[in-house]
Amino acid sequence: MTEKKPYYITTPIYYPNSNLHIGNTYTSIIADVLKRYKNLNGYDAYLVTGTDEHGQKIMRSAIAHGTSPQKFVDIIADETKELWKKLEIDYDTFIRSTEAQHEEDVKNIFKKLYDQGDIYKGEYKGYYCTPCETFWTESQLVDGKCPDCGRDVEYQEEESYFFRLSKYEDRLKELFKNNPEFLEPQFRQKEMLNNFIDKGLSDLSVTRNSFDWGVDVPFDNEHVVYVWIDALSCYLTAIGYGDNPKRFEKYWPASVHLIGKDIVRFHTIIWPALLMALDLPLPEKVFAHGWILFDNDKMSKSKGNIMYPEPLVELYGVDALKYFVLREFNFGSDGNFSSKKYMERYNSDLVNDLGNLVSRTTSMIDKYNGGIVKKGSEFDHFDDELKDLAAKTYNDYTEQMDSFEFNEALQTVWTFIRRANKYVDETEPWILGRDENKKDRLNTVLYNLAESIRIVAQLIEPVMKNTTKEILAKLGTDNKGFASASKFGLIEEGASVTKGNNLFDRLDVEEELVKLHDKNNELIKKRLGNTKDDDEIKEDQVAEISYEDFAKLDLVVGKVLSCEDHPDADKLYVFKVDIGEDRPRTIISGIKKWYDMDDLVGKNVIVVKNLAPRKMRGIESEGMMLAADYKDELSMLTTLKDMKPGSKVS
């Protein structure tokens with residue numbers, strides 16, 4: 001027996017600082033489908049996922065939650081595994097960067113790079129973004145903020161070990177020039193070349209000494225290995241680098257790293273350079289998908305604009321979720337998640353198209369042939385058209401799946417499903433069934449429909465394995481393998497068909513939207529540390545937030561320049577506040593009950609600078625002044641000393 005060709009797939013090594021939402025789980029859903037597809041096509045596919053559990057951000061999040069970093073990541077890792085179980089993600093290895101074997105392997109990798117001169121000791125002076133775990137030079141900042149995430153950065157000076165990334169600049173240029181399929185979509189290659197490589201690569205800081213939650217540098221216990229060597233090495237250690245050379249040699253190099261577009265630079269510049277330094281083969285492909293947005297904005301728990309996968313699975317099943325994710329979004333581009341769109345596609349594609357085809361076919365076989373599949377021998381051009389499209393569907397589908405065009409592949413299958421439904425209308429079996437002389441033609445039509453459904457069931461198995469199993473059971477046939485979808489006429493004569501329950505039941509969209517959003521909101525509250533309704537929250541039940549969430553607030557000192565009554569609101573003042581910008585901000589506040597108009601003029605106040613502007617009775621308010629309140633008393637927050645407007649509050 002010929003040994004199967006290995007196909008190694010990885011998801012990102014997820015950073016476990018919160019529960020995963022639909023946008024986070026996108027990559028793993030795709031990876032699972034790709035693994036199933038490759039296995040069904042004769043490969044030995046191996047899928048690795050896991051959690052990247054070291055770093056300053058994790059340490060701060062653990063402190064904010066009142067626990068140790070290890071306990072914090074243990075909880076999140078277990079929750080991630082539980083989510084993968086609910087989503088039926090068939091991974092082979094779940095790697096955690098806190099595992100003893102991985103840490104030992106990272107130390108050996110670091111020592112090897114140091115011994116051969118690819119890592120050296122120096123001093124870092126620059127700006128650090130904690131959420132991104134990334135250092136930046138001043139010239140790389142955008143408006144003084146992190147160019148990747150737009151958040152504030154901290155200026156830091158500290159001793160560090162550096163990786164000689166600049167040494168591999170020319171080889172990286174050659175990589176992109178000679179391997180156009182290394183990074184897809186291909187427009188990402190131009191981004192990496194133009195924005196980073198062609199501008200010149202600086203050596204990379206790869207250790208920290210300002211915290212200790214990480215892998216110790218083996219020869220310098222004052223430093224811990226910085227996130228990128230630690231996390232990226234998971235792709236090696238998960239398949240046996242360092243302790244299982246046979247398995248490692250079987251699966252490395254990776255066939256594809258599936259990642260989000262926000263970490264392209266690390267996977268296509270830093271990672272290849274590290275592999276070059278280790279004298280290891282490079283991955284065959286890195287595919288960077290877009291984000292799943294919510295109302296055209298990136299999903300974020302701090303914004304409250306997230307959709308968790310658990311309610312969708314609970315209400316509508318895992319197959320429907322996987323179908324929607326692959327069908328709705330172009331894998332290389334951003335896509336906008338809409339609950340209503342989810343319901344509408346469920347009804348149109350799964351109920352009207354696939355469900356209706358299966359239901360009407362099994363019903364007619366039951367009605368006219370007592371539930372038994374029979375072959376006929378009377379054919380016409382409608383049969384030929386259906387069979388020709390079936391063959392084309394298999395060829396197009398496999399080509400599109402191999403090219404990571406998952407939405408196009410499913411569209412191809414659904415084109416065939418709709419053609420089969422049209423075939424029913426063209427051949428009119430309900431009329432054929434009235435005439436005993438047309439029994440042979442009726443058998444041909446019903447057989448072709450049953451066989452079309454069998455082919456569909458085999459094609460959708462990588463995405464909807466439970467639905468495939470249910471369809472084949474209804475047809476009274478076995479799973480003949482993915483490749484059997486390339487042949488028309490394999491369902492056995494005499495197969496016993498069962499109509500049973502509907503594959504998918506029609507949704508009342510408006511009713512289901514309420515039900516889904518209620519379940520999702522309950523989950524959001526629970527994960528924010530609050531399980532009660534908003535109007536039941538007591539003062540001592542405020543939800544915990546992470547340091548990352550707090551760091552998103554831009555708090556500054558402001559000086560009140562003037563105060564006027566709001567022309568259209570009895571309880572509001574309109575303030576002009578200097579916060580160190582070119583012009584004063586207009587801030588509206590409902591504090592008239594506690595302060596006279598001139599009480600705050602000339603005083604320092606604390607202003608939320610980055611609050612989105614909103615109109616209040618026709619006037620736009622450009623921030624918020626903070627106050628403390630207790631029962632019916634209120635006091636504006638100020639400073640003990642007079643501070644310059646714009647001074648940062650932290």
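**Entry 1: a residue pair.** I began with F162, which stands opposite S205 in β8. I note at the outset that the model I am reading is predicted.

**Entry 2: the strands around this pair.** I then looked up how β8 is joined to strand β6, which covers residues 154–163. I found two bridges between β6 and β8, and the two strands run antiparallel.

**Entry 3: the sheet.** I asked in which order the strands of this sheet are arranged. The order is β5-β4-β6-β8, so I recorded an open sheet of four strands with antiparallel pairing. I next looked up which strands stand at the edges. They are β5 (134–136) and β8 (204–205); each has a single partner strand, and therefore one side of each is left without a neighbour in the sheet. As background, I noted that strands of a sheet pair through backbone hydrogen bonds.

**Entry 4: N448.** I turned to helix α17, which spans residues 439–459 and contains N448.

**Entry 5: the surroundings of N448.** I looked up what N448 touches, leaving aside its neighbours within four places in sequence. The contacts are D383, L386, K387, Y423 and F488. With Y423 there is also a polar contact, made between the two side chains at 3.1 Å.

**Entry 6: the domains.** Finally, I consulted the domain assignment of the protein, which gives domain 1 as 352–496 and domain 2 as 547–648. I recorded that the C-alpha centres of domain 1 and domain 2 lie 67 Å apart.

Notes:
Residues are numbered from 1 along each chain as its sequence is written. This is a predicted model: local features need pLDDT of at least 70, side-chain atom pairs count only at pLDDT 80 or more; totals for chains, interfaces and linings use all residues. Side-chain values use heavy atoms; hydrogens and water are left out. Two strands pair if DSSP finds at least two bridges between them. A polar contact is a pair of N or O atoms within 3.5 Å; within protein, one must be able to donate a hydrogen and the other to accept it, and residues adjacent in sequence count only if both atoms are side-chain atoms. Contact means heavy atoms within 4.5 Å. Domain bounds come from an automatic or database domain assignment.
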